[in-house]
Amino acid sequence: MVNSTQVSFFTLSAYFDTGLFKYLYFMIILSLYILIICSNLLLIVVICMNRSLHEPMYMFLCSLFVNELYGSSGLFPFLLTQILSDIHTVSASLCFLQIFCVYSYGGVELLNLAVMSYDRYLAICYPLQYNTRTSCNKVAILIALTWLLIFLLHFFTMPLIIPSQLCGDIIKKVYCDYHSIVKLACYDTTMNNIYGLIVTAISVFGPLTVIFYTYMRILKVCFSGSKQTRQKAVSTCTPHLASLINFSFGACFEILQSRFNMNSVPNMLRIFLSLYFLTCPPLFNPVMYGLKLSKIFVICKSLITNSGVVTLHSMLAVLQLRKSFLVCGVQLGFALRDHTALNRGPLTPYSPSTSHIMPQGSGIAATTGTGDLVATALNSCVNNGSGKHGPFRLNVPSLPRDLVKTLPGGGS
C-alpha cells in the first residue's frame with residue numbers, strides 16, 4: 001500500500017509520440033490560447049470602459065468572460081508545456097491545483113449561466129420591475145456569490161473526494177481530473193464517489209433547475225404575449241441558449257468519460273472531446289455575444305475602425321515629417337556647400353549675376369556664419385505663384401522649430 005505523500009508525480013499516458021508534428025500542435029494550441037485571451041479581454045474592456053454597457057446583463061457577461069480566461073489559463077499553459085516535453089509527468093501539487101481550476105471553472109460557468117437566465121426571466125416577465133429587482137448592489141452580490149460559493153465548495157470537498165492512499169501514478173488523460181485520481185486508490189472508494197456525486201448534484205443540478213424553471217416561465221410569457229415580446233425574447237435568449245448547449249455538450253461527455261469505459265472510442269476523439277468544454281466555450285462565447293448583441297457589436301466595430309484610422313493618420317504624419325526633414329536637410333546641404341566653396345566674408349543675397357548658379361527654388365544665400373545660415377534657411381522657400389516649393393518642388397513648411405533650436409544661433 002502506497003501513501004499519497006509518496007506519490008510526488010503522476011504520468012499522463014494519453015500523450016503519444018508525434019515526432020516533428022508536436023511543433024505544429026504547439027502552434028495550433030498557442031494560436032487558440034492567444035485568440036481566447038484577445039477576444040475575451042476585448043469584450044471585458046469594452047464592457048468596463050463604456051457606461052452605456054453598465055447594465056446587469058453586460059455585468060454578468062463580463063463575469064462570464066473572466067471565467068473563460070480563468071478556465072483556459074488552467075489548461076492551455078499546461079498543454080503547451082506537455083506537448084513539447086518528452087516525458088509527460090506532472091507533480092502531485094500541480095495536478096491537484098489543475099483539478100481545482102478545471103472543476104471550479106465548470107461550476108462558475110454553469111452557475112453564471114443560471115444567473116443570466118434569471119436576469120433574462122426578470123427582463124421578459126417583469127419588465128416594469130426589472131430596474132428595481134436588478135440594482136447595482138444586487139448584481140454585485142450575485143456575481144460575488146457565483147464565484148465564492150463554487151470556490152468554497154471545491155476547496156472544502158476536494159480533500160474528501162481525493163483518496164488519501166494511492167497505489168498508482170498513471171493518469172489516462174492529457175490533464176488531471178477527480179475520477180482519474182480516485183481510480184488509483186488502494187481501498188474501496190464508495191464514500192469518495194458519494195462525496196463526488198453530492199458535489200456534482202449541487203454544482204450541476206442546482207443551476208440546471210434554475211435554468212429550466214426560468215425558461216419555462218419565459219416560454220409561457222412568449223406564447224401568451226405579443227409578437228414584439230416574442231422577438232425580444234428570441235433576440236436576448238438565443239446567445240444564452242447557444243452558450244448553455246455548447247457548454248453542456250462538452251461537460252456531459254467529460255462526466256460520461258470519467259464514469260464509464262470509453263476504450264471503444266478512438267484515442268484522438270477522446271482527447272478532443274475531453275478538451276471540448278475547456279476550449280470551445282472560451283472561443284465560442286465572445287464571438288456569439290459580440291455578434292448577436294447589437295450594442296457590443298457596434299462599439300467593437302467603431303473601436304476597431306477608429307484604431308485603424310488613428311494608425312493611418314499616424315503613418316501619414318510620420319511620412320510628412322520625414323519628407324519635411326529630407327527637404328530641409330537638402331537645403332542645408334546646398335547652403336553648407338556654397339559656404340565651403342566660396343569661403344569668404346559675408347555675402348550678398350543671391351543674384352543672377354553671381355558666377356555660382358544656385359539650384360532653382362532654393363532661395364538660400366551662401367553665408368559665412370551659422371547664425372546667418374539659420375536666418376536664411378528659415379525663409380528658404382520660393383513662392384512660384386502656386387505655393388511655396390523647395391528644391392524638389394515639394395510643398396513643405398519652413399524649417400521645423402525644434403531643428404532650428406538645435407543649431408547654433410537658432411534659439412535667438
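A crossing of two helices is called left-handed if the near helix is turned anticlockwise from the far one by less than a right angle, and right-handed if it is turned clockwise. In this predicted model, the crossing of helices α6 and α8 is left-handed, whereas that of α2 and α6 is right-handed.

**Helix α6 with helix α8**
- The axes of α6, which spans residues 136-161, and α8, which spans residues 190-224, come within 9 Å of each other and cross at roughly 160°; because angles over 145 degrees count as roughly antiparallel, the two helices are described as roughly antiparallel to each other.
- On the α6 side the contact is made by Leu153, His154, Thr157, Leu160 and Ile161, and on the α8 side by Asn192, Tyr195, Gly196, Val199, Ile202 and Ser203.
- Sorted by class, the residues of this contact comprise six nonpolar and five polar ones, with no charged residues.

**Helix α2 with helix α6**
- Helix α2, residues 56-73, also has an axis that comes within 9 Å of that of α6, and here the crossing angle is roughly 25°, which makes α2 roughly parallel to α6.
- Helix α2 contributes Pro56, Met59, Phe60, Ser63, Val66, Asn67 and Tyr70 to the contact, while α6 contributes Val139, Leu142, Ile143, Trp147 and Phe151.
- Ten of the residues in the contact of α2 with α6 are nonpolar and two are polar, and none is charged.

**Nonpolar cores**
- The largest nonpolar core has 79 residues, of which Phe10, Leu61, Tyr175, Ile218 and Ile296 touch the most other members.
- Helix α4, residues 92-125, supplies the largest share of this core, with 19 residues.
- Once neighbours within four places in sequence are set aside, the residues in contact with phenylalanine 10 include His88, Val90, Cys95, Phe96, Leu166, Asp169, Ile171, Ile181 and Leu184.

**Two individual residues**
- Threonine 236 belongs to helix α9, residues 227-259, and it counts as buried because its relative accessibility is 15%, which falls under the 20% cut-off.
- Apart from residues up to four places away in sequence, threonine 236 touches Arg120 and Ile124.
- Isoleucine 34 is part of helix α1, residues 21-49, and at 44% relative accessibility this isoleucine counts as partly exposed.
- Isoleucine 34 and phenylalanine 76 are separated by 42 residues in sequence, yet their C-alpha atoms are 9.9 Å apart in space.

Note on methods:
Residues are numbered from 1 along each chain as its sequence is written. This is a predicted model: local features need pLDDT of at least 70, side-chain atom pairs count only at pLDDT 80 or more; totals for chains, interfaces and linings use all residues. Side-chain values use heavy atoms; hydrogens and water are left out. Axes are lines fitted to C-alpha atoms, for helices over the stretch in contact, and angles run from 0 to 180 degrees between N-to-C directions. Helices (H or I, at least four residues) and strands (E, at least two) are DSSP runs, numbered from the N terminus. Angles under 35 degrees count as roughly parallel, over 145 as roughly antiparallel, 65 to 115 as roughly perpendicular and the rest as oblique. Contact means heavy atoms within 4.5 Å. Ala, Val, Leu, Ile, Met, Phe, Trp, Tyr, Cys and Pro count as nonpolar, Asp, Glu, Lys and Arg as charged, and the others, Gly among them, as polar. A nonpolar core is a set of buried Ala, Val, Leu, Ile, Met, Phe, Trp, Tyr and Cys residues joined through side-chain atoms within 4.5 Å. Buried means under 20% relative accessible area, exposed over 50%, partly exposed in between (1.4 Å probe, protein chains only).
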